[in-house]
Amino acid sequence: MKKITPRFWLQRPLNWSLIFGLTGLLISCSSDNIPIGPTSVNSRYTEAQPTLSGNGRFLAFVSNRNGAHQILLYDLQQQSFVRTPRLNRPETIAESPSLSYNGRYITYITSDQGRPVVALYDRAIQQSQILTPTYRGWIRNPNISPNGRYVVFESASRGQWDTEVLDRGPNIELDIPNGATITPPP
């Protein structure tokens, strides 16, 4: 007669080194090792749409910290947030940031009277201005040139997504690398 012995899952042969390795990996990747705090890029909130300045010093991104959908600017050299007064307005959503070379100018999408518009924030004067007040239809994905003169974005004013180029004009103060010479366009 055949004897039947019940086997429990702990009695089955397992590759214990694999289990210990995966457990160690899980513990080492826990959120306790991620620097989180008021001076850190990482937080427990949703953060998206990161963009770097041309010189690689500044990082702008959209965050849900403080219970608001806002654009934050982080100085990677100083490892601290940069104050941007009057960039984020209450009761509005800001998204799709783009930075000029030195991070002086930030373009982004916001809402004006319930419709999306492209806005530009100048860190030197701490003011925002709407660049597309007369565009009809939807606007998305703004991007600013390294010197801050040109802004490109997508517009659906003709019933399809088209690329629009906005020239801010020759008389604006450019954001250029320190010591670089300015050559006027022909």
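This is a predicted model: local features need pLDDT of at least 70, side-chain atom pairs count only at pLDDT 80 or more; totals for chains, interfaces and linings use all residues.
Let me begin with a definition: a residue counts as exposed when its relative accessible area is over 50% and as buried when that area is under 20%, with partly exposed in between. By that rule Arg 158, at 61% relative accessibility, is exposed, whereas its salt-bridge partner Asp 162, at 14%, is buried.

First, the overall picture. Of its 186 residues, 33% count as buried, and the chain exposes about 12,500 Å², of which carbon and sulfur atoms supply 54%. As for the contacts, if we take those between residues at least 6 apart in sequence, 35% of them join residues at least 24 apart.

Now to strand β3, which covers residues 70–75 and has six of its six residues buried, so that this strand is largely enclosed by the rest of the structure. In general terms, the side chains of a regular strand alternate between the two faces of the sheet. In β3 both faces are covered, with Gln 70, Leu 72 and Tyr 74 buried on one side, and Ile 71, Leu 73 and Asp 75 buried on the other.

Which strands pair with β3? One of them is β2, residues 58–63, which runs antiparallel to β3 and is joined to it over six bridges, with Ser 63 standing opposite Gln 70. Six residues lie between these two strands in their hairpin, and there Asn 66 takes a positive phi near 60°. Another partner is β4, residues 80–82, also paired with β3 in the antiparallel sense, here over three bridges, and in this pairing Leu 73 stands opposite Val 82. The hairpin of β3 and β4 has four residues between the strands, and in its turn Gln 79 has a positive phi of about 55°.

Arg 104 brings me to the charged side chains. As a general point, side chains of opposite charge can pair when their charged atoms come close. In this model the count comes to seven salt bridges, and I will go through three of them.

In one, the side chains of Arg 104 and Glu 173 meet at 2.9 Å, N to O. This pair links distant parts of the chain, 69 residues apart, with Arg 104 in the loop between β5 and β6 and Glu 173 in the segment after β11. Arg 104 is buried, because its relative accessibility is 13%, while Glu 173 is exposed at 54%. Together with Asp 122, these two residues are linked in a network of salt bridges.

In another, Arg 149 meets Asp 167, with their closest N and O atoms 2.7 Å apart. Here the separation is 18 residues, with Arg 149 in the loop between β9 and β10 and Asp 167 in strand β11. Arg 149 is buried, with a relative accessible area of 12%, and Asp 167, at 39%, counts as partly exposed.

That leaves the pair from my opening, Arg 158 and Asp 162, whose closest N and O atoms are 2.6 Å apart.

Val 165 lies in strand β11 and is exposed, with a relative accessible area of 55%.

Conventions: Residues are numbered from 1 along each chain as its sequence is written. Side-chain values use heavy atoms; hydrogens and water are left out. Buried means under 20% relative accessible area, exposed over 50%, partly exposed in between (1.4 Å probe, protein chains only). Contact means heavy atoms within 4.5 Å. Accessible areas come from the Shrake-Rupley method with a 1.4 Å probe; for residues, only the protein chains shown count as cover. Two strands pair if DSSP finds at least two bridges between them. A salt bridge is a side-chain nitrogen of Lys or Arg within 4 Å of a carboxyl oxygen of Asp or Glu.
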